[in-house]
Amino acid sequence: MPKYYYGSSKPIDLYPFKLGLTGDVGQTDVSLESMAALAALETDAVLFVGDLSYADGWQDVWDTFGRAFETIASKVPVLTTGGNHELQSGENWLPYYLRYPTPYSQSESPDPSYW
């Protein structure tokens, strides 16, 4: 699976800054349409606020979500927060933390859930 690294092409004091926001997407036809619409907005970054894949313990479902989410994540920086679906069904955050790391250590947080 490819890894993507980003740097900002805009000076941080340049406004307006276009931020995409979505959450609770899952993997339905509507989900795919929502991600395509978000990608078409040409945002500077995207904040994804929890319940990403609805994998609920199924690793192959994480993989299919990652392929769908790549339409956004391959173009702009993405920062995620977890939701209850990243915790339940025995996942206990592990697949989420491995697939979507957060900048918690840079913000001096002791927990990857808070940054």
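In the predicted model, V46 stands opposite V78 in β3, and this pair belongs to a parallel arrangement in which 4 bridges join strand β2 (residues 45–49) to strand β3 (residues 78–81). Two strands are taken to pair if DSSP finds at least two bridges between them. Between these strands, the chain crosses from β2 through helix α2 (residues 59–73) to β3, and this β-α-β crossover is right-handed, a term used if, with the strands pointing away from the viewer, the path from the first strand over the helix to the second runs clockwise.

The protein as a whole has 3 helices and 3 strands, and along the sequence these elements follow the pattern β-α-β-α-β-α. Helices (H or I, at least four residues) and strands (E, at least two) are DSSP runs, numbered from the N terminus. Residues are numbered from 1 along each chain as its sequence is written, and side-chain values use heavy atoms, with hydrogens and water left out. Because the model is predicted, local features need pLDDT of at least 70 and side-chain atom pairs count only at pLDDT 80 or more, whereas totals for chains, interfaces and linings use all residues. The pLDDT, which is the predictor's confidence in each residue on a scale from 0 to 100, averages 85 over the protein, and 88% of the residues score at least 70. Among the elements, β3 has the lowest mean pLDDT (89) and β1 the highest (92).

A salt bridge, defined as a side-chain nitrogen of Lys or Arg within 4 Å of a carboxyl oxygen of Asp or Glu, links the side chains of R99 and D63 (3.1 Å, N to O). R99 lies in helix α3 (residues 94–99) and D63 in helix α2, so the pair ties together parts that are 36 residues apart in sequence. R99 is partly exposed at 30% relative accessibility, and D63 is also partly exposed, at 29%; buried means under 20% relative accessible area, exposed over 50%, and partly exposed in between (1.4 Å probe, protein chains only). Of the 115 residues of the protein, 30% count as buried.

On the surface, Y15, F17 and L19 form a nonpolar patch with about 380 Å² of accessible area together, the areas coming from the Shrake-Rupley method with a 1.4 Å probe, where for residues only the protein chains shown count as cover. Patches are made of residues with over 30% relative accessible area and no salt bridge, like charges being joined within 9 Å and nonpolar side chains (Val, Leu, Ile, Met, Phe, Trp, Tyr) within 5 Å.
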